[in-house]
Amino acid sequence: MVSRNNIGEFEEIVMLTIGILGEGAYGLAIKKEIESRLNRTVSMGALHTGLYRLEEKGFLLSRLGEATKKRGGKPKRYFSVTASGQKILKEVMENRQKLWKGISRGTFELFPEKI
Amino acid sequence: MSYPPGFLQRIMRWCCPQDRVDLVGDFLELYDERRISEGIVTANFRFFIDSVSLLPLKAISKNRYKQSKKRNFMFGNYFKIAERNLIRDKAHSLINITGLSVGLACAFIILLHVRFELSFDTFHEKADQIHRVQHVYSVIGAPIGPKMVEEYPEIIDVTRIHPWNKQLRTEITADEIYYADYFVADNNFFETFTFEFVHGDPDDALNGPESLVVTESIARKYFGDENPIGKIVQIENLNRPGKYPFQVSGVIKDVPVNSHLQFDHVVSFELLMNNPNVPIIDSWINDWIITYLVLQPGADPGPVEKDYKRFYENYSGSTFTDPSFRLMPMTKVRNHSTYLRADVIDQGNINHIRLFSVVAVLVLLIACINYMNMATARSAKRTKEVGLRKVMGAVVPQLITQFLIESVVFTFLALILALGLVYLTLPVLEQITGISFSFNILQEFGSTIVLILAITLSTGILAGSYPAFYLSSFSPTRTLKGETKTGKSATAIRKGLIIAQLAVSATLIVSSFVVLDQMRFVKNKNLGFQPEQVMLLAYGRNPTVNSKWDLIKGELQNIPGILAVASTSSVPGDNAPYWGYKFVGYSEEEHGEGWPGYYVGPNFLEMLGMEMIMGRPFSEDFETDQNAFILNESAWKEAINTYGDDWKEPIGRIIEYHTTERGELSMIKRGEVIGVVGDFHHRSLQNEIESLIIHQSPRNSVIMVKVDSKQIQSVLTILEEKWEDLGSGRPFKAEFLDDQFAQYYESESRFSTLIYIFCGLAILIASLGLFGLVSFTAQQRIKEIGIRKVLGASVLKIFLLITSDFFKLIIISLLISFPVAWYVSSLWLENFAYRINISWVSFILAASITALLSLVTISYKAMKASLANPVNSLRTE
């Protein structure tokens, strides 16, 4: 069971990608953005399940956009990150940073410098 | 842009949550791109894989994106458009609403009646436990009930009732005298049945032979506003000769109309016990007491019914030959007892209730079809609206909602009219038909309202369903281009609807004719006797009257206008009870076999104009005729069959009459057969003529006088004056035999009146529907008609063109309706032992009426269309 106040790694990625895309964040664009930036395959099912869950938790908001001829006349659904979504992203980021700060120099050999 | 193959699209759409059109868009867009970059095979494959990956989403999805919020703000608009449509075409709206409201009014009236009938006896707290013991009669021997309580553990209690419907003289003070009927009931009467007490205690109100319980209105009538408890009332001849005091020990509220037990005075059954005037109190074979058993809650009466033969033969010592023994549940007594030979209560008929319900549904259905036809007929006027709405983004469910709302608005307007109609017609209908409708409207107000609203709403939805789907399916491009032509399937459905409607009407018409025929047959059938001008004066088996009968008869015969006088015990129409008749030398049983006995006075047969086949009727000149017997034709034939050809010559053969008059079953009299009388209908035509053995009774109860039809009034006046002197102790009440005989058909004639009314209404509504359809056709083909006219077609040809289609429909609907009507009518006719053969005339008449009415309805529009100037229809192209 996914807790209401927590987000998983994939969900975090999805929300950040929506942030990158801004106004143009609809399903397919998000999928392509993740795939190209992170070099991983995202299935339609996984992405939309994630989007659905996030919207249910109140971290995302969606609205129906214009229909285009290219899509068989079907409208796009655009997503944006809500205030509480942004808050949780910030929290996740800060939590990570706290942890990073706690790691002593030289522990991780691949990271000689403190980030 | 390219699309995936259809089946893949279907899989994808199926995998998608229904509310996600945007997802469909994403899929198509992605497919298009992949098709270009990766080729058709990979694109198809990945399209499929992606589709399947949607299934988890479909599983958790809760249709959150459904456009419900969007639709809400259109509701106001739907009502507004409905209102505008209503006002724009007033004639159409009027026809539509009239049809619906008449249909609804019919349904409500029948609903009220059916609910009333089904509410009978449900008010008793123990309604589920109480069962009435019945076999061929509703009454049974007095000791049977108590013995059954001893015998069977599942029977807790028994209450016996003897209705003493003899109009007994009841004296409040020396000057204040009433005549009343009495229930003689076991002391636990008010524990078994739930009747609300105003004064007194239900548990011991009937204790003691002097106690008397009356209803509130009787208490007010007898004692005014004084406290009635403890008041003394003198009752004459209640199960013993003479006048005895009774003390009011309880007052109940008036008995509800929906109780099959109707009474206003109850006295204790103790009066009958150890009473020398009631020798048959311990007899098992005399059927005279209504017996109610209280079963354990939830107990099944089945085993008791099956065991009854053993039980009866064990205790009574006589053989049990009556397979119809039943414990009838209290709430079914009224409507499920029509199989009885005779009943002490007013019966209802469950088959009538069922038929009425079917008729209600049918009439409502016709009204719905009517609306559908009218709405689709006018669809041409709505196509542009639908097209525009679709262009502006309305989706099909929205449009369906809109049209459903419109039909519901129409139905609710019709509801107002229907309620008005019901309110105005109910009193009239109650008067015409004698059926109670309105009693429980107030008592069960809430549930009635809910039912009425539910019926109205479902009618609205049903009526609106087809138009809604039909209208919302219009393609916006076509409608906006101005095309109004409709598909073949729509036309077929509409034709189907009109066929259904006409078939229902034709069925009702045929049935009405059959009912009419049978009722006429019943009225005109030769009964085998002449009931006209015969007046009946009941004096209640009064011994004083019987002892000085010769004197009374002489006196009555001297009254000018009286043609003949007779006394009798059996009156045509009454049930003839079975008793033992021993055909001496032929019958082997000690007390003879059971035959229906008929007890009459000496000149009964002549007065009613019955024909003797052989021998002679009873004569006062022969003393021995007191013990003589006359057979009716059926009995004579049965005697020949049973006892052999000797009985072809019955005159002079000896018969013994055995009954329980003296308590034990024993021979009462023995005498010769002196004649055979032609069969006559001793009961109404619902019943077969039975094999009667007719003889004289010293204990007659009715005076019959044949009156000159011109002097009826004066005879009545004189009789009323003389009545008191006869000393019968009963109020004067004269009835005519033919009237009384007609009363046996009351329930059937009530039924027939209602069927005529509903038939008329069905025809009315169906005509409205036809009218709607023909206007539609005329409108559809307006250009075709214009062109034909331009090319030289005559008005007549065009008229035939429009109407010929309808004649096909009429013929099909008649073909459907005839077998149905034949079947339904024969079901009803089975109520009568003597019935008509369903005549083809009814069918021909029904067919002509249907055709004629349809023709008249469609002619108006057809004429208008064929006479129209083609310029008007063609110039707009």
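Here is a short chat about a predicted model, with a focus on chain B.

Biologist: Let's start with the overall build: what radius of gyration does chain B have, against that of a compact globule of 877 residues?

Modeller: Along its principal axes, the C-alpha trace of chain B spans about 120 × 70 × 60 Å. A compact globule of 877 residues would come out near 29 Å, whereas chain B has a radius of gyration of 37 Å.

Biologist: And how many helices and strands are there in chain B?

Modeller: Chain B has 877 residues, and 51% of them count as buried. As for the elements, the tally for chain B is 29 helices and 21 strands.

Biologist: On to salt bridges: which residue of chain A meets Glu33(B) in one?

Modeller: Side chains of opposite charge can pair when their charged atoms come close. Here the N to O distance is 2.7 Å, and the pair crosses between chains, from helix α2 (residues 21–38) of chain B to helix α2 (residues 27–38) of chain A. Glu33(B) is partly exposed at 23%, and the partner, partly exposed at 31%, is Lys32(A).

Biologist: Is Asp22(B) buried or exposed?

Modeller: Asp22(B) forms a salt bridge with Arg77(A), with the closest N and O atoms 3.4 Å apart. That pair crosses from helix α2 of chain B to strand β2 (residues 75–81) of chain A. Asp22(B) also forms a salt bridge with Arg20(B), at 3.1 Å. Because buried means under 20% relative accessible area, Asp22(B), at 1%, counts as buried.

Biologist: Last one: how many salt bridges are found over all chains?

Modeller: Some of them share partners: Arg169(B), Glu171(B), Glu236(B) and Lys243(B) are joined that way into one network. Searching the whole structure, over all chains, the number of salt bridges found is 37.

Terms used. Residues numbered from 1 in each chain as written. Chains lettered and ligands numbered in written order. Predicted model: local features only at pLDDT ≥ 70, side-chain atom pairs only at ≥ 80, totals over all residues. Heavy atoms only, no water. Helix = DSSP H or I, 4+ residues; strand = E, 2+ residues; numbered from the N terminus. Rg over C-alpha atoms; globule rule 2.2 N^0.38 Å. Buried < 20%, exposed > 50% of the residue type's maximum accessible area, 1.4 Å probe, protein only. Salt bridge = Lys/Arg side-chain N within 4 Å of Asp/Glu carboxyl O.
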